[in-house]
Amino acid sequence: QPQLVESGGGLVQPGGSLRLSCVTSGFNLDHYAIGWFRQAPGKEREGVSCISTRGRDTIYADAVKGRFTISRDIAKNTVYLQMNSLKPEDTAVYYCAAGWMRTVQSMCVAKAGEGVWGQGTQVTVSS
């Protein structure tokens with residue numbers, strides 16, 4: 001049974017950093033693109049960053065370019081999202097999702113119900 005579990009969220013001051021983890025199980029990470037998404041109150045869920053099967057390609061939303069970094073550790077079956085220089089507008093529930101053999105571009109526009117999704121982790125950026 002494919003499963004994703006996010007962790008690492010919390011409360012951080014503006015300018016601070018957090019690292020989110022997405023632990024995967026039940027599938028071969030090399031066959032799945034992984035995406036990080038976020039949903040703020042009253043807003044639609046949006047793709048933040050995605051990494052391709054085998055981890056060769058990555059893409060980022062314009063709002064996070066230069067501040068966030070996606071990476072993966074195949075030995076730990078884990079995908080990370082390092083978030084630096086956090087801003088209040090980064091406040092949201094962050095989700096990771098997996099899509100079988102999807103390109104990074106299509107992964108980052110995946111909808112809820114497409115692929116496998118985690119339960120989410122709350123990130124709050126506030127002073």
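Student: Which residues are linked with R38 in a network of salt bridges?

Tutor: R38, E46, R67 and D90 are linked in this network. The model is predicted, so local features need pLDDT of at least 70 and side-chain atom pairs count only at pLDDT 80 or more, while totals for chains, interfaces and linings use all residues. Residues are numbered from 1 along each chain as its sequence is written, and side-chain values use heavy atoms, with hydrogens and water left out.

Student: Why is the contact of R38 with D90 called a salt bridge?

Tutor: The term requires a side-chain nitrogen of Lys or Arg within 4 Å of a carboxyl oxygen of Asp or Glu. The closest N and O atoms of R38 and D90 are 2.9 Å apart, and the pair therefore meets the definition.

Student: Why is R72 called partly exposed?

Tutor: Its relative accessibility is 21%, a value between the limits of 20% and 50%, and R72 therefore counts as partly exposed.

Student: How do you know that D30 forms a salt bridge with R54?

Tutor: Their closest N and O atoms are 3.8 Å apart, which is within 4 Å, so the pair qualifies. D30 lies in the loop between β3 and β4 and R54 in the loop between β5 and β6, so the pair ties together parts that are 24 residues apart in sequence.

Terms used
Helix = DSSP H or I, 4+ residues; strand = E, 2+ residues; numbered from the N terminus. Buried < 20%, exposed > 50% of the residue type's maximum accessible area, 1.4 Å probe, protein only.
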